[in-house]
Amino acid sequence: MPAQDRTRRLPPQSISQDVTSWHGLQTINSYDTTRTDASVDKLQQAYQAMLAHQQAETEKLTLYRAAADAARLAEWEFHNTVLAMKEVIRGQYGSDSDQAQAVGFKKKSERRRSKRKKSVAIAS
């Protein structure tokens, strides 16, 4: 049997089949083994540990998603506030001011004029 790659998650179908097998084993009253890693107590502990860790993961994912939403909304709030500040700077000091340049605008006098394209007459 090849070595198990424990860095990847098990497919949900495999876990579902394992849970079904565990529930099926609980109906067998005569199950007894000398292998400690396959005992009913070990299976019960592993199952409860899995459920507890899955619940903790779900709770942390929920908290993560809430924190990500809050961060996203804060980023948009900051962005919109900066845009409003830039509008105020441009309105108060003008498009060609040093203050406008200080907040990230290019001075109007430093912009290149667009060059007109020469029209080529098509001879027929």
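Biologist: How many helices and how many strands does the protein have?

Modeller: The protein of this predicted model has 3 helices and 0 strands. Both are DSSP runs numbered from the N terminus, a helix (H or I) having at least four residues and a strand (E) at least two. Residues are numbered from 1 along each chain as its sequence is written. Local features need a pLDDT of at least 70, side-chain atom pairs count only at pLDDT 80 or more, totals for chains, interfaces and linings use all residues, and side-chain values use heavy atoms, with hydrogens and water left out.

Biologist: What is the mean pLDDT of the protein?

Modeller: The mean is 91, and 95% of the residues reach 70 or more, where pLDDT is the predictor's confidence in each residue, from 0 to 100. Confidence is highest in helix H2 (residues 40–93), at a mean of 96, and lowest in helix H3 (residues 98–102), at 90.

Biologist: How does the span of H2 compare with the expected one?

Modeller: H2 has 54 residues and reaches 78 Å from its first C-alpha to its last, close to the expected 80 Å. The expected span is 1.5 Å times one less than the number of residues. Gly-94, with a positive phi near 100°, follows H2.

Biologist: Why is the aromatic pair of Trp-22 and Tyr-47 called tilted?

Modeller: The structure holds 1 aromatic pair. Trp-22 and Tyr-47 lie 6.2 Å apart, centre to centre, with 40° between the planes. Rings of Phe, Tyr and Trp (its six-membered ring) pair if their centres lie within 6.5 Å; planes under 30 degrees apart count as stacked, over 60 as edge-to-face and the rest as tilted, so this pair is tilted. Trp-22 belongs to helix H1 (residues 12–25) and Tyr-47 to helix H2, 25 residues apart.

Biologist: Is Trp-22 buried or exposed, and which is Arg-112?

Modeller: Buried means under 20% relative accessible area, exposed over 50%, and partly exposed in between (1.4 Å probe, protein chains only). Trp-22 has 8% relative accessibility and therefore counts as buried. Tyr-47, at 18%, is buried too. Arg-112, in the segment after H3, has 83% and therefore counts as exposed.
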